[in-house]
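Open the model in your viewer and follow along. We go from the whole chain down to a single pair of side chains.

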Amino acid sequence: ERALATRIAAGSIKRHFTLSNLYSAISRKKHLPDAAIEIFRQAAYQLLFMKVEPAAAIDAAGELAKRDGHGVARVLNGLLRKVVEIYPERLPGSPPFDDLRRSVFLATDEGGPGYLYFPRRLVRSDPKGDLEHSSSLPAFFAWRYWKTLGEERFWALVDWANSTPPLTLRINSLKTAGTPPDGVMPQSAAPLSAPGLPPGVFILSDTSVADVPGLWDGRLVVQDAANMLPVEAAGIESGMSVLDLCAAPGGKTVRIAEILRGSGRLVCVELVPERAETLRANLERAAVTGAEIVTADARSLPSEYHAAFDRVILDTPCSNTGQLARRPEVRLRVSEQSISRLAVLQKELLASALSALRRGGRLVYSTCSLEPEENTEIVRSMDNVDVCSERFTLPELHEHDGGYFAVLRRKGDT
């Protein structure tokens, strides 16, 4: 039941724009409380994307509405019956661009790829709004990638964003040498090897974190493959001094500690005290010793950090648009304005991070974002660095989230 509830909650968030448009189209301006509209979205998600029997979904929604106490159960029942009345066809292929107001793309784990085709238009909008409705992605984001990727790759991106991502695990070599013992790693885990990944990476589908015993004692680390790439690219070696900025929750930190093996120096900076405590607990569980955890703003580093580190890892706060499948709530808060605000912060963080880099050192700047404003444009705005290498991953082309990293050095260094 917990897995089912999680799927419904996550799915209704992923399909928020589509389901909200559906509600507006059939509600005839009925003003229901927000809680009742959320019940509608969750029930409609079950009807359209999970093919739950109508009676079961409608009855369950009615019971929830009665508990809510707003006296809207009868209205909600009527709205959901309208959804059943206009139940769409399921068609193969991609939604036709000239008829998106009746079409909704189906992701692979929703019975697709294909699309729902409704008997009448659900929205009256512009092309951006139509694309938002059909893809269940924010209008500005959908339009940007429709133009950038072209039709085929755009719908592949939508498929990824609205599907359930696999769980990626890495063996923590500080606690486990070689293959984990039986009972630590689920038998369904498949090895994942790709250029730039560390050894001991496994991928699981249809598995929750709660079903992986080795996570709770630190023998395994949950970390998407995209988040593993920056540390491997940094060229960290035994005995080096490493500064890990914006370090929580600590997946990258554990990997750095595995490479250092207690040598050199590892300093972790985290702004939020609660996140710093989470970082501390995760490092203890993973048997990381000797790491210095500092609660501070990475934009104002202590003076003794100036030119003090061989390697600096800056996994900067970002829009997380490379994690839309894993973090469905991202689509509800991301906007062009929020990306612009983040870009200001990211540039300040990068300037500060560079001040901590020794001559001859390397800095890795990374994000979980697909947006050039947070990636290449930030790096190119720094006139005192050279780009040694960089990598941009789009999730529809790889078996992991999207993101970006660049390995930087001070201009003139070798």
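What percentage of the 414 residues of the protein chain count as buried? The value is 54%. Keep in mind that this is a predicted model.

**Whole chain.** You have 14 helices and 14 strands to trace. The radius of gyration is 24 Å, close to the 22 Å that the globule rule gives for 414 residues, so the chain is as compact as a globular protein of that length.

**Contacts.** Next, look at which parts of the sequence meet. Take contacts between residues at least 6 apart in sequence: 72% of them join residues at least 24 apart.

**Surface.** The accessible area comes to about 18600 Å². Carbon and sulfur atoms account for 51% of that surface. Then colour by charge. There are 50 positive and 51 negative charges in the chain. Their mean positions lie 3 Å apart.

**Aromatic rings.** Hide the surface and show the aromatic side chains. The whole structure holds eleven aromatic pairs. Select tryptophan 146 and tryptophan 155. Their ring centres are 6.1 Å apart, and their planes meet at 75°, which is over the 60 degrees needed, so the pair is edge-to-face. Are these two residues buried or exposed? Both tryptophan 146 and tryptophan 155 are buried.

Definitions and conventions: Residues numbered from 1 in each chain as written. Predicted model: local features only at pLDDT ≥ 70, side-chain atom pairs only at ≥ 80, totals over all residues. Heavy atoms only, no water. Helix = DSSP H or I, 4+ residues; strand = E, 2+ residues; numbered from the N terminus. Rg over C-alpha atoms; globule rule 2.2 N^0.38 Å. Buried < 20%, exposed > 50% of the residue type's maximum accessible area, 1.4 Å probe, protein only. Contact = heavy atoms within 4.5 Å. Areas by Shrake-Rupley, 256 points an atom, 1.4 Å probe, with all protein chains shown as cover. Lys, Arg positive; Asp, Glu negative; His and termini not counted. Charge placed at Lys NZ, Arg CZ, Asp CG, Glu CD. Phe/Tyr/Trp six-rings, centres within 6.5 Å; stacked < 30°, edge-to-face > 60°.
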